[in-house]
Amino acid sequence: SARRLGILREIDHAVLAAQSPEAIAQAALGHIRELMRCVHIGVVTFDPDVRGATILAVRASGETTLGPGEHVPLELYGDMEELRQGKIRLVVDLRTIPDDSSAVRALLSDGVRAFAGLPLVTQGVLIGCLNLGWDGIRELGSEDMEVAREVANSLAVALQHARLFRSIKEHREQLRALAARLAEAEEEERR
């Protein structure tokens, strides 16, 4: 629909205007929430070293107990290999899953009943998830799935570019500091 295309365009513009991964995630969330009609939405990045995910940004219709910078267990996302392959993790009713993690309890206390974790995959690497939450038991229709995948794919590319940009910037700063120390050492040697 024209409305859907307009919102997708707004998401792309917001993402392109942002610089950091956190800003990109935050810029996209409001538009995605409107598009998907969910009560809770968030973006997490995966950190395999600690077997967890870090929340980059969250938007909710009310107060939320999960915020940026917090860690959630990877188990919330189910089979990581399936996510790597692009499979959406859909929980029709959060109350029925055996996971008793603090993240699941927090989502339930925030009023989330249904949950979808859309993998953020770029160049074959799983970097995180776009999380959608609804206040009622819910199945995702094929059109909703298609829209959610489009958004997740755009978000994954933008987040990866921001990560690469941040890494290049950090390396450039390290090289400048190293060059300055080298110049100081050469000056000392001349004396």
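Predicted model: local features only at pLDDT ≥ 70, side-chain atom pairs only at ≥ 80, totals over all residues.
**Notebook: cavity, helix pair, salt bridge**

I listed its lining: His-40, Gly-42, Val-44, Ile-55, Val-58, Leu-66, Val-72, Leu-76, Tyr-77, Leu-107, Phe-115 and Asn-131. Two elements give two or more residues each to that lining, strand 1 (40–47) and strand 2 (52–60). Strand 1 gives the most, with 3 residues.

Next I sorted the lining by class. I got 9 nonpolar residues, 3 polar and no charged ones. I then looked up the volume, and the largest cavity holds about 110 Å³ of space. How many cavities of 30 Å³ or more are there? I found 1.

**Overall layout**

I stepped back to the whole chain. I noted 5 helices and 6 strands in the protein. Read from the N terminus, the order of elements is α-α-β-β-β-α-β-α-β-β-α. I also took the box along the principal axes. The C-alpha atoms fill roughly 75 × 40 × 35 Å.

**Helix 2 and helix 5**

I turned to a pair of helices. Two packed helices are described by the angle between their axes and the distance between the axes. I looked up both values for helix 2 (residues 21–36) and helix 5 (residues 142–190). Their axes come within 10 Å and cross at roughly 170°. Angles over 145 degrees count as roughly antiparallel, so helix 2 is roughly antiparallel to helix 5.

Which residues meet here? From helix 2 I wrote down Pro-21, Glu-22, Ile-24, Ala-28, Ile-32, Leu-35 and Met-36. They meet Asp-144, Val-147, Ala-148, Val-151, Leu-155, Ala-158, Leu-159, Ala-162, Arg-163 and Arg-166 of helix 5. By class, I have 13 nonpolar, no polar and 4 charged residues in this contact.

**Salt bridges**

Last, I checked charged pairs. Side chains of opposite charge can pair when their charged atoms come close. The structure holds 4 salt bridges. I followed up one of them, between Arg-84 and Glu-81. The closest N and O atoms of Arg-84 and Glu-81 are 3.5 Å apart. Where do these two residues lie? Both are in helix 3 (residues 80–84). Arg-84 and Glu-81 sit 3 residues apart, about one turn of the helix.

Definitions and conventions:
Residues numbered from 1 in each chain as written. Heavy atoms only, no water. Axes fitted to C-alpha atoms, helices over the stretch in contact; angles between N-to-C directions. Helix = DSSP H or I, 4+ residues; strand = E, 2+ residues; numbered from the N terminus. Parallel < 35°, antiparallel > 145°, perpendicular 65-115°, else oblique. Contact = heavy atoms within 4.5 Å. Nonpolar A, V, L, I, M, F, W, Y, C, P; charged D, E, K, R; others polar. 1 Å grid on protein atoms, 1.4 Å probe; cavity = no way out; pocket = protein on both sides within 12 Å on 5 of 7 lines; lining within 4 Å. Points joined across faces, edges and corners; volume = space filled by probe spheres on them. Salt bridge = Lys/Arg side-chain N within 4 Å of Asp/Glu carboxyl O.
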